[in-house]
Amino acid sequence: MATEEGGTQLNIHPMDQFIIKPLFGGGEVGMFTITNATLWLGLAVLAVIALMVFGTRGRAIVPSRSQSIAEVIYGFVYKMVEDIAGKDGLKYFPYIFTLFIFILVANVIGLLPKSFTTTSHIAVTATMAMAVFLAVTIIGFVKNGMSFLGIFWIKAAPLPLRPILALIEVISYFVRPVSHSIRLAGNMMAGHAVIKVFAGFAVVTLISPAAIGAIVAIYALESLVVCIQAYVFAILTCVYLKDALHPHH
Amino acid sequence: MAIEGDLVQMGAYVGAGLACTGMGGAAVGVGHVVGNYLSGALRNPAAAAGQTATMFIGIAFAEALGIFSFLVALLLMFAV
């Protein structure tokens, strides 16, 4: 794309960083091939375990640095679930906390240079979004029975409008996993591609100081965006959960 | 003057570019949400902290429509 003007020695395509390759040897990527995506997903899980297990091992009154990070994240997500999904949503807090911290850590280690951003792949985010969608739908039907369908039939609206609103509500319900997954994947992909586009400009001597400054600025913005996107994913899960637990508002 | 090459492919690429104008709409929407939140928060700073979550939910819903334009662009580029 934009690298053709800049790349005299370094001809890197901005989307090359998202290619999935096998880690050991070449060949096809099959169902069980160990790829770079596998490696970085595993590293994200290990980082979460390290933070949570080693951080809370001491359980000191005056927390160490890792313990206070673990406690702050835990308390933050706990309060968010309580505020949005309500007291009875707290039963599902472990799931939302797992989603939040996994996405947060996967996003953050994806920002390391030469790393691979697993959450930039729709396959990864769509799996999580479909899991949330199915879980919320099943919870809704188990908790409310058939009256869960009442979220499509809005009692507050005038009667002639209700069928039209029901159609819109049904469409917006089934489009949830799409927007939920592509929001995260699109934000990650776009941000990293922009960094690489400016990295392509950095080889041109005339504009390289401006390009490197732009990389620093975008990197700072991305550091903010990765946290916000993890937060948005978790908060939307809470909103969907609230709809399933209390369909009549 | 005859046009050489794959006309359908060209149309798909032009359409993908045009679909990106939808992102401008999402930008206006998100800016509107945050701007109104900020003006409300400056009038009543005591109530601001409780409404940050609501603001993010509003941003997410406004942004969803921009995501659909991105989705259309991706479909035109890789699926059609």
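**View 1. The contact between chain A and chain B.** In this predicted model, 12 residues of chain A are in contact with nine residues of chain B, two residues being counted as in contact if their C-beta atoms, placed from the backbone, lie within 7 Å. Helix H3 (65–85), helix H7 (176–201) and helix H8 (208–245) of chain A are the elements that give two or more residues to the side of chain A that touches chain B, where helices (H or I, at least four residues) are DSSP runs numbered from the N terminus. H8(A) gives the most to this side, with five residues. By class, the side of chain A that touches chain B has eight nonpolar, two polar and two charged residues; Ala, Val, Leu, Ile, Met, Phe, Trp, Tyr, Cys and Pro count as nonpolar, Asp, Glu, Lys and Arg as charged, and the others, Gly among them, as polar. Residues are numbered from 1 along each chain as its sequence is written, and chains are lettered from A and ligands numbered from 1 in the order in which they are written. Local features need pLDDT of at least 70 and side-chain atom pairs count only at pLDDT 80 or more, whereas totals for chains, interfaces and linings use all residues.

**View 2. Helix H3 of chain A and its two sides.** H3(A) has 21 residues and reaches 30 Å from its first C-alpha to its last, close to the 30 Å expected at 1.5 Å a residue, the expected span being 1.5 Å times one less than the number of residues. A:Ala70, A:Val77, A:Met80, A:Val81, A:Ile84 and A:Ala85 are buried in this helix (20 or more other C-beta atoms within 10 Å of the residue's own; exposed means 12 or fewer, and partly exposed in between). Seen down the axis of H3(A), the buried residues fall within an arc of 105°, so they line one face of the helix; the arc is that of the directions from the helix axis to the C-beta atoms. On the other side of H3(A), A:Arg65, A:Val72, A:Gly75 and A:Lys79 are exposed. The cover over the buried residues of H3(A) includes helix H2 (36–55), helix H4 (93–110) and H8 of chain A, together with helix H4 (52–79) of chain B. A:Gly86, whose phi is positive, near 90°, follows H3(A).

**View 3. The largest nonpolar core.** A nonpolar core is a set of buried Ala, Val, Leu, Ile, Met, Phe, Trp, Tyr and Cys residues joined through C-beta atoms within 7 Å. Of the 44 residues in the largest one, A:Phe100, A:Ile103, A:Ala230, A:Ala234, A:Ile235 and A:Cys238 touch the most other members. The largest share of this core, 13 residues, comes from H8(A). Not counting residues up to four places away in sequence, A:Ile235 touches A:Met80, A:Ile84, B:Ala53, B:Phe56 and B:Ile57.

**View 4. Helix H7 of chain A around A:Ala193.** H7(A) is mostly covered, with 21 of its 26 residues buried. A:Ala193, found in this helix, is partly exposed, with 18 other C-beta atoms within 10 Å. Leaving aside neighbours within four places in sequence, A:Ala193 is in contact with A:Pro14 and A:Met15. The C-alpha atoms of A:Ala193 and A:His13, 180 residues apart along the chain, are separated by 9.1 Å.

**View 5. Confidence along chain A.** Over residues 1–9 of chain A, pLDDT stays under 50. Where pLDDT is low, the predicted coordinates should not be read in detail.

Technical notes. pLDDT = per-residue confidence, 0-100.
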